[in-house]
Amino acid sequence: MTLWDSVAGTAALRGGALLGPARAVALASLAQASCLGDRLHALRGRTVIVAIRDQLTAAIALLELDGVAKRMVVCTPDLAPEHLPHVVRSAQADTWLGDSSSGAPPAGVGLDFALEADPLPQRCSIERRACCETEWVLLTSGTTGAPKLVAHTLRSLTSAFAGRPQEAGPVPVWSTFYDIRRYGGVQIYLRALHAGSLVLSSAGEATTDFLARAAVAGVTHISGTPSHWRKALMSGAAERFSPRYVRLSGEIADQGILDALQSAFPHAVVAHAYASTEAGVGFEVRDGRAGFPAILAGKSESGIEIDVSRGTLRIKSPGNAAAYLGAGAPSLRDPEGFVDLGDRLELRDGRYYFVGRSGGIINVGGLKVHPEEVEAVINSHPLVRMSLVRSRRNPITGAVVTADVVLADAAVAAAAQERTADERVRQEILAACRATLAAHKVPAAIRFVSSLEMSASGKLVRPNESPGAIHNDTRKRVGPRESGGEAQEEPSNA
Amino acid sequence: MAVRSTITTLFQEVAREQQRQLAPLTDDLKLLQCGLDSLSFALIVARLEDALGYDPFDTAESFPVTFGDFVKLYEARASA
């Protein structure tokens, strides 16, 4: 069954619409209207880069393409142009679907077949006939900065809710702070299409304005990251609407934000979900407490298997993605068939709590930072010998990036002679980071240290690595100043 | 007064670094209308923890909405 097949019946019976900041489209109207018209037939069986900038147009195009395109690559609006050739190559794409904002595909990416979607559906006679099960390819950030391509199907994306009885009572009106082209947004987009309406956010819209619009539209179900929600609470506008369901995902929800949301929305169910682009939705916690009950570990009746035996959260479920795409792409599952979310856990009083990320990945307000990417920029400074980028807890964005830097001998000697040498290097490192990296990846603080801990295999020991994985007796410290030299931390100009 | 002064200085410093136009910092100024984004607030809070030695958000019962709320949150913790 295609997405349109599952939407059409519900839309005809219960209504439902997609609502953007300036325009709205009734779902039922798409039975006789299209953003693609006759062009839809030309997309049959193709692998399509969906580069449409406008979120409402993209929402309609995805609905129209499912069952028609062989594979659709759902580009996030912030996809950097330099990563497009990698995306096209990895997906083996042959077609570009843009809109008036995105323009034509850049020259040299190998897409010579390009179409443009209309911003709003045009009335036409359209036959929505499926030819295949479309692969939905979502992008997620990779270690080098280039995105990873994660292949799903509509079945895997909807496995958490498809086939379940619809909620009694009024038709839900969904909304999300996420863009619908990210995994967290896709989830809400698909839930809304299955039952109800969706109020889309807009990148340029102030939080206060978005929440006011959500209130006017009667939003009953709304999702975002803990950072989105902290910002909403700081806006003072959250108290002016009264959702029935408030969902947090994309970052670990701490007790502070759960309590603050329950206080702001006393009549709402406040739930936090454990999910990732690769693993899909694992489960949802509705008891108002951070972490999750230990009894959730194991296999559930719905076919979801949750494993914590290795110290991280691993999930095997129908919601798992199928694979990473591209030559040389790593396996998405481990040998036991699980997808590892990379969340390290600690068991306390019958409950698992999040205690950090494996591999050192840092989550700044829902945006992933791979330490290696930042370290590469820092290490390119001629006076830096090596660096270690790590996470620091933060009540606004969940975490910020900090860096420990070992200076080369020449810099150490200069610092001994000139008191401001360290500060000059710090400013130069920050300038290089700002010139190369997105703002959330620029270290909030840089600390000069005499050495960094190394494993016997010569790798940096990251603070979030499992103590069981690397034994203390195999570690050594490497640096120009093997002893002495108190670490000094100063806030950066990030 | 020292707390307020430190906070004001850091708002101005981070706004300058993030190349953002900061509105005049009056007590009734809504935080989300002061010209800073979430990342800027994250940097301010991180630096305040370095400067003052505490993070009042870990025990806060609600999130500050105005600049005055923000200052009060830190001053209350300082005098606790």
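Two residues are in contact if their C-beta atoms, placed from the backbone, lie within 7 Å. The views below show a predicted model.

**Figure 1. Contact between chain B and chain A.** In this predicted model, 20 residues of chain B are in contact with 27 residues of chain A. On the chain B side, helix 2 (residues 38-52) of chain B gives the largest share, with nine residues. By kind, the chain B residues that touch chain A comprise twelve nonpolar, two polar and six charged.

**Figure 2. The two domains of chain A.** Chain A consists of domain 1 (3-347) and domain 2 (361-491). The centres of domain 1 and domain 2 of chain A, taken over C-alpha atoms, are separated by 35 Å. Their contact involves 13 residues from domain 1 of chain A and 14 residues from domain 2 of chain A. On the side of domain 1 of chain A that touches domain 2 of chain A, helix 8 (226-235) and strand 22 (339-348) of chain A each supply at least two residues. Helix 8 of chain A provides the largest share of that side, three residues. The residues on this side of domain 1 of chain A are divided into one nonpolar, nine polar and three charged.

**Figure 3. A seven-stranded open sheet in chain A.** Seven strands of chain A are arranged in the order 7-6-4-5-9-10-21, and their pairing is mixed. Strand 7 (113-116) and strand 21 (323-324) of chain A are the edge strands, each pairing on one side only. Strand 21 of chain A pairs with strand 10 (residues 148-153) of chain A in the antiparallel sense, over two bridges. In this pairing, A:Ala151 stands opposite A:Ala323 in strand 21 of chain A. Helix 3 of chain A packs on the sheet, where it touches strand 4 (47-50), strand 5 (71-74) and strand 6 (95-98) of chain A. The direction of helix 3 makes about 170° with that of strand 4 of chain A.

Figure 4. Helix 3 (residues 55-65) of chain A is mostly covered, with eleven of its eleven residues buried. Among them are A:Gln55, A:Leu56, A:Ala61 and A:Glu64. One of these residues, A:Ala61, touches A:Cys35, A:Leu36, A:Val50, A:Ile52, A:Leu97 and A:Ala117, not counting residues up to four places away in sequence. Helix 3 of chain A is followed by A:Gly67, which has a positive phi, near 90°.

Figure 5. In soluble globular proteins, nonpolar side chains tend to be buried together. The largest nonpolar core here has 137 residues, of which A:Ile49, A:Val50, A:Ala61, A:Val73 and A:Val137 touch the most other members. Domain 1 (3-347) and domain 2 (361-491) of chain A each give at least three residues to this core. Another core, of 16 residues, lies apart from it and includes A:Tyr274, A:Ala279, A:Val281 and A:Ile306.

Figure 6. Eight strands of chain A form an open sheet in the order 2-1-12-11-13-14-15-16, with mixed pairing. The edge strands, strand 2 (24-26) and strand 16 (280-285) of chain A, each pair on one side only. From one strand to the next, the twist averages 20°. Strand 1 (residues 17-19) and strand 12 of chain A pair in the parallel sense over two bridges, and A:Leu18 stands opposite A:Leu198 in strand 12 of chain A. A:Leu200 is found in the loop between strand 12 (197-199) and helix 7 (207-216) of chain A. A:Leu200 counts as buried because it has 28 C-beta neighbours inside 10 Å, the cut-off being 20 or more. Not counting residues up to four places away in sequence, the residues that A:Leu200 touches include A:Leu18, A:Gln55, A:Leu56 and A:Ile180. A:Leu200 and A:Tyr178 are 22 residues apart in sequence and 8.5 Å apart in space, C-alpha to C-alpha.

**Figure 7. Two loop residues with positive phi.** Most residues other than glycine have a negative phi. A:Gln92, which is not a glycine, has a positive phi near 55°. A:Gln92 is found in the loop between helix 4 (84-91) and strand 6 of chain A, and is partly exposed because 14 other C-beta atoms lie within 10 Å. A:Asp349 likewise is not a glycine and has a positive phi, of about 50°. The loop that holds A:Asp349 lies between strand 22 and strand 23 (351-357) of chain A. With 7 C-beta neighbours inside 10 Å, A:Asp349 counts as exposed.

How values were computed. Residues numbered from 1 in each chain as written. Chains lettered and ligands numbered in written order. Predicted model: local features only at pLDDT ≥ 70, side-chain atom pairs only at ≥ 80, totals over all residues. Buried ≥ 20, exposed ≤ 12 C-beta atoms within 10 Å, placed from the backbone. Helix = DSSP H or I, 4+ residues; strand = E, 2+ residues; numbered from the N terminus. Nonpolar A, V, L, I, M, F, W, Y, C, P; charged D, E, K, R; others polar. Pairing = 2+ DSSP bridges. Axes fitted to C-alpha atoms, helices over the stretch in contact; angles between N-to-C directions. Domains from an automatic or database assignment. Core = buried A, V, L, I, M, F, W, Y, C linked by C-beta atoms within 7 Å.
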